[in-house]
Amino acid sequence: MRSFENWLTQEVEDTFGVSQLEDMPLLENWLASGRAATGRLDESLEHARRRLVRNADFWNEDELKLMFIAPVLAFVEYETDRFKPFSQRRLRAVIDGVEVAGVVDFMVARGRQIPKEPFFFLHEYKQEARRDTDPKGQLLIEMLAAATLNGNGLPLYGCYVTGRFWYFVVLNERRYAVSRAFDASREEDLRSVIAMLFQVKEYIAESA
């Protein structure tokens, strides 16, 4: 068995025949919700953004998660009667005969106590300066494991965070696409991040 944290992007691609696309309509549609975002930030989000500006270079992973990512996710309110957020939950799957497993930072899935049919993943809470692991590779292997377990052929959505930068990812079958970096310390980009998180909530509601 190989842990999620030990996978590099190229290893995921080579082992499971996964390929990255430059353009994917599913990602473009998702990004369109961010481009359409208007208006000023909620006061609590603006406070979190200013805190990120001051501390992005200094926070460790737990501080980034607690001080910035958690308030953003709480604002979106992923908990409903059909799905809810889960944090630090273990996921295990056998993909093409290869056993993979690990603890997922954050996912939205059906279920009350035990996550079922994960749909959206947020990964890594890494500091910007750290490059000792591959957050995109880890997110991809988690999403691929979830797609194998779900077995419904639906696309999976996710994002990985490195300090102030958010990257959005769509996995559809064995093909994926990655957005540009959204700098959450900038008001315009943070509005886009919030809009995209709300949009994926709608996608989940349509499928759950």
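What is the mean pLDDT of the protein chain, and what percentage of its residues reach 70 or more? The mean is 92, and 96% of the residues reach 70 or more; pLDDT is the predictor's confidence in each residue, from 0 to 100. This is a predicted model, in which local features need pLDDT of at least 70 and side-chain atom pairs count only at pLDDT 80 or more, while totals for chains, interfaces and linings use all residues. Residues are numbered from 1 along each chain as its sequence is written, and side-chain values use heavy atoms, with hydrogens and water left out.

**View 1. Helix H1 (residues 9-16) and its buried side.** Thr-9, Val-12 and Phe-16 are buried (under 20% relative accessible area; exposed is over 50%, partly exposed in between; 1.4 Å probe, protein chains only). They cover an arc of only 70 degrees around the axis, which puts them on the same side of H1; the arc is that of the directions from the helix axis to the C-beta atoms. Gln-10 and Asp-14 are exposed on the face turned away from the buried side. Helices (H or I, at least four residues) and strands (E, at least two) are DSSP runs, numbered from the N terminus. The buried residues of H1 pack against strands S3 (84-95), S4 (98-110) and S8 (175-178) and helix H5 (135-150), where contact means heavy atoms within 4.5 Å.

**View 2. Helix H3 (residues 43-55).** Leu-45, Glu-46, Ala-48, Arg-49 and Leu-52 are the buried residues of H3. They cover an arc of only 160 degrees around the axis, which puts them on the same side of H3. Glu-43 and Arg-54 are exposed on the other side. The buried residues of H3 pack against helix H4 (61-76) and H6.

**View 3. Pro-155 in the loop between H5 and strand S6 (156-162).** Pro-155 is buried, with a relative accessible area of 17%. Leaving out residues up to four places away in sequence, Pro-155 touches Leu-26, Phe-119, Val-170, Leu-171 and Asn-172. Phe-120 is 35 residues from Pro-155 in sequence and 9.6 Å away in space, C-alpha to C-alpha.

**View 4. Ser-185 in the loop between strand S9 (182-183) and helix H6 (187-207).** Ser-185 is buried, with a relative accessible area of 10%. Residues up to four places away in sequence aside, Ser-185 touches Arg-49, Leu-52, Val-53 and Arg-164.

Key: The expected span of a helix is 1.5 Å times one less than its number of residues.
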